[in-house]
Amino acid sequence: MKTNNPSRLKDFLTFAGVILAFLVVYIMRSRGMLTRSLSGQLVPICAYVVMAISLNLTVGVLGELSLGHAGFMSVGAFSGVVAAMSLASVIPSPVLRLVIAMVVGAIFAAITGVIVGVPVLRLQGDYLAIVTLAFGEIIKDLINCLIVGVDGNGLHILFNATGSRSVSDLHLMEGGKVIIKGAQGATGVKAIATFPAGVVLILLALVIVLNLMHSRSGRAIMALRDNRIAAESVGINVTKYKMMAFVTSAALAGAAGALYGLNFSTIVSSKFNFNTSITVLVFVVLGGLGNMTGSIIAAAVLTILPEALRGFDKYRMLAYAIVLIVVMLGTNNPQAKALVGKLIPHKKKGAEEGA
Amino acid sequence: MEFLSYLISGISLGSVYAIIALGYTMVYGIAKMLNFAHGDVIMVGGYISLIAMMNAGLSPWVAILLAMVVCTLLGVLIEGLAYRPLRAAPSLAVLITAIGVSYLLQNSALLIFGANPKSYTPIITGTVHLFDGQLSISYVSLLTVAACIVIMVALTLFTSKSKMGKAMRAVSEDKAAAQLMGINVNSTISLTFAIGSALAAIAGVLLCSSYSTLMPTTGSMPGIKAFTAAVFGGIGSIPGAFLGGLILGIVESLSKAYISSQLANSIVFAALIVVLLVKPTGLLGKYIPEKV
């Protein structure tokens, strides 16, 4: 298994790399060297990087496959949007509102994480994976039924299960506004998310996850991943540490969701479906399980890649699928590995040293 | 009477889920992998039969047969090219590869057939009227249920009586021991994929016949639900897939009718969660104790 040796130098390089990348992109943007579509992608890239770090905590560090991570992102996005929009008149500063929205998103996602985690973490392996998938779909459907509005009396929330209720059932006062309109999602959101805020969130997520990994609790979590029975026999509290990792991961996904949600004027719950969960899982697996630096690079590159392939337009998703299969075969098949080793001599030497 | 008609449509939907779930469960049982591309093989089956009927003017039965042949070849090809090289790889790598194959199939279909839904003429039309016309059942529903029962019986006989079926069970029990007994593990796994994909083709035709539309993403949601059904019944168990498919189909149909059409999927997934909490290996799944 992986040994995740706490090497402080590597962590330092990761932080330095993120800050450097931020500075380069920031300067390039201020000089107008980025295309419109690319500068529009900056905040989503930050959100996906945080999602990848957070899912890597569940899949790579805790060792449990989650197929419903977009559900937590969704909870964070919608609670964050509601928080930011209902506080619009009270707190004029958009930066402060963004921070509050991300905190609210993280808290709500963490609560959802507890609700989901209690039943889910009792299961194992593929059964656990399918139940996270089920929860992801349930969260998506439930948010699809929400109608939320705000007026002078505070928040009004309706649950539209039968499809018979509409915005007028909120009975908003004069001057009130609707925030979430059921399946139409949240519309008229003021986009207050910024690229620097996204990078700060990435750094914060890195601090949290790396510190957790290097702490006593983190070692307990990794021991559970490597051998649950052995870990249990030396007195590690399975439920406590699994929940710790899972809820932290959910909270980070919630903050990422709030950042993502506040970057667009319209956001619908069907955006956070099974495919989004899978996209993030692909970042984590391609970046390397338990490797946060890898997750960051994979998430950034794979979010930009489809944009960069716009020229091929029709073929880009096809190309993405083929790249995915070829990379998985190339990195996991013994024959292919040997072939790559022959082609790139120094890589082979590195492999021998490692072995 | 209304209830009975919802129940029948639930059984018919459940039969389709059961046929798809059989493919999932057999592949999982033998290769221990979640084959996420299975749902998209259904879609391919739908398109092949549509072309055979519309463009080539073949009769529905020939179209089904053609769809089965193409899907079988496709299933064996996918297994041989994408999954076989990863037999010793970690399960997550195989899972991501399966997702890649699923994207590949969906996007190829998107390029070839376009994103617009195509209308699908049911392979048989007409309805039976019972109780003075109070209850009407379409022939498609009857055919679906009948097909499901025939497939279920045939598969049970195949796995318990035939030599190849016994080989399949042996491989799913213990690959290394099966190999020592002279069973060709690779060809047995290919056979499993072939059977699963042929079933997916049948499911595709039946599914499109009851919904009358077809698009590149047609297979994904039924695929996920059938996967849920397979886990619900106990993944790896053939009667479990049948039972799980039927129950989920009925739950979905009844909750659409009486509770909320928007939340029908959620109720199906909630049923899965409840069952797994009470019985962590599904309704008919075997409990395998963990050894230290």
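I began with the second largest cavity, where helix 3 (69–86) and helix 5 (125–144) of chain A each supply at least two residues of the lining. I keep in mind that this is a predicted model.

Which helix gives the most to that lining? Helix 5 of chain A does, with four residues. I listed the residues around the space: Ser66(A), Gly68(A), Gly71(A), Phe72(A), Val116(A), Thr132(A), Phe135(A), Gly136(A), Ile139(A) and Phe246(A). They split into five nonpolar and five polar, with no charged residue. The volume came out at about 50 Å³.

Next I turned to the largest cavity, which holds about 60 Å³. My search of the whole structure had found four cavities of 30 Å³ or more. The lining of the largest one includes His38(B), Ile78(B), Phe193(B) and Ser197(B).

Last, I looked up helix 10 of chain A. Residues 274–287 make up its 14 residues, and the helix reaches 20 Å from first C-alpha to last, close to the 20 Å expected. I found the helix mostly covered, with eleven of its 14 residues buried; among them are Phe274(A), Ile278(A), Leu281(A) and Val285(A). At the start of the helix, a side-chain oxygen of Asn273(A) comes within 3.2 Å of the backbone nitrogen of Asn275(A). Just after the helix, I noted a positive phi of about 110° at Gly288(A).

How values were computed
Residues numbered from 1 in each chain as written. Chains lettered and ligands numbered in written order. Predicted model: local features only at pLDDT ≥ 70, side-chain atom pairs only at ≥ 80, totals over all residues. Heavy atoms only, no water. Expected span 1.5 Å × (residues − 1). Buried < 20%, exposed > 50% of the residue type's maximum accessible area, 1.4 Å probe, protein only. Polar contact = N/O pair within 3.5 Å; in protein donor to acceptor, adjacent residues only side chain to side chain. 1 Å grid on protein atoms, 1.4 Å probe; cavity = no way out; pocket = protein on both sides within 12 Å on 5 of 7 lines; lining within 4 Å. Points joined across faces, edges and corners; volume = space filled by probe spheres on them. Nonpolar A, V, L, I, M, F, W, Y, C, P; charged D, E, K, R; others polar.
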